[in-house]
Amino acid sequence: MRGQGLDFDGDRAGSVERSDFSSSSFTLVPGQCPRILEPNNQNLFSQAVEMISADVTRQSCAEVNVLDGTQEGKLPTLESVTGPTLVPEIVEGEDTHHLRYYEAMRDLQYPIGRFSFPDATTAEQRQTWIREIGRAPQELRAAVADLTPEQLDTPYRPGGWTGRQVVHHVPDSHVNAFVRFKLALTEDQPTIKPYDEARWAVLADAALPVAPSLDLLEALHIRWVRLLESMNELDYRRTFAHPESGVWRLDQCLAQYAWHGRHHTAHIMSLGHNTR
């Protein structure tokens, strides 16, 4: 699904002019809306904070209300969730200031970056993506190898799926992709059946140990890679129709699912760093 159905969130963008703001307390971070300010004084706010959980289906940030007017305390961090590199930022409102962990939340959600939808592809690119799909089962297995059950049951970001749900989601998604390839190769632009990944992620099998899904993904990718390697230029130009996102070429679908495996493997890897 183009921009949908793969644990994606919306992105919010805007712009500001650096010249319209000056302060001894804050430094403006240009290119964001609402205005994003970095604190010049880490003791500017009190420790009294209130987390506002990110809406994972519509937001890419979490926010914290802070009480100004005091020199006590330090700005809170999310090191236990995001790692030690996080720098909290201040959002200026009309009458208030609050922290926004904007980039940190976006990094947790898209640790390898957002998927870039290709208009055209080359044979060399397709071979790279096939190799990435071929490596995906082993890379996911390696990412979960040292995780405890408690880590697997930890969301990879606030409000997101747990590691266990992510692992089960990957073969769910790739089984659907494999079937879409076979339909497009044997029918004239078939209309495929979408699935509700969020509801699949809370079915009873998503609470199982991850081993069956790792085995399923490995077996599936053996067949999928063999199919992908057999396809020629014309095959990759074949299409299917998605009822919500429109017509897809198979080379575009290949690019997305190569990205998709690395995307979720990075989510799992972050659990080992952020839950220690």
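Predicted model: local features only at pLDDT ≥ 70, side-chain atom pairs only at ≥ 80, totals over all residues.
Let's start inside. In soluble globular proteins, nonpolar side chains tend to be buried together. Here the largest nonpolar core holds 26 residues. Helices α3 (123-144), α5, α7 (211-230) and α9 (250-274) each put in at least two residues. The top contributor is α9, with seven residues.

Setting aside neighbours within four places in sequence, F181 touches W224, L227, L228, M231, Y236, L250, C253 and L254. Apart from this core there is another one, made of 16 residues and including A143, L152, V167 and V210.

## Aromatic pairs

A pair of aromatic rings is described by the distance of the centres and the angle of the planes. In this model the count is seven aromatic pairs. Take F115 and F117: the ring centres sit 6.1 Å apart and the planes meet at 90°, so this pair is edge-to-face, the label for angles over 60 degrees. F115 counts as buried because its relative accessibility of 18% falls under the 20% cut-off. F117, at 26%, is partly exposed.

Y195 and W200 make a tilted pair, with 4.5 Å from centre to centre and 50° between the planes. Y195 is buried at 14% relative accessible area, while W200 comes out partly exposed at 33%. Back with the phenylalanines, F115 and F117 belong to one aromatic cluster together with F240, W248 and W259.

## The second largest cavity

Rolling a probe the size of a water molecule over the atoms shows where empty space is left. Searching the whole structure turns up two cavities of 30 Å³ or more. Which residues line the second largest cavity? They are Q165, H168, H169, D172, Y195, E197, W200, A201 and A206. So both members of the tilted pair, Y195 and W200, show up in this lining.

Two elements give two or more residues to the lining: α5 (163-186) and α6 (197-200). Of the elements, α5 gives the most, with four residues. By type, the lining splits into four nonpolar, three polar and two charged residues.

## Two residues to look at

Q189 sits in the loop between α5 and α6. What is the phi of Q189, which is not a glycine? It is positive, at about 40°. Q189 is partly exposed, because its relative accessibility of 38% lies between the 20% and 50% cut-offs.

Now for D215, which is part of helix α7. At 43% relative accessible area, D215 is also partly exposed. How far apart are D215 and Q138 in sequence and in space? The two are separated by 77 residues in sequence, and their C-alpha atoms are 9.9 Å apart.

Notes:
Residues numbered from 1 in each chain as written. Heavy atoms only, no water. 1 Å grid on protein atoms, 1.4 Å probe; cavity = no way out; pocket = protein on both sides within 12 Å on 5 of 7 lines; lining within 4 Å. Points joined across faces, edges and corners; volume = space filled by probe spheres on them. Nonpolar A, V, L, I, M, F, W, Y, C, P; charged D, E, K, R; others polar. Phe/Tyr/Trp six-rings, centres within 6.5 Å; stacked < 30°, edge-to-face > 60°. Buried < 20%, exposed > 50% of the residue type's maximum accessible area, 1.4 Å probe, protein only. Core = buried A, V, L, I, M, F, W, Y, C linked by side-chain atoms within 4.5 Å. Contact = heavy atoms within 4.5 Å.
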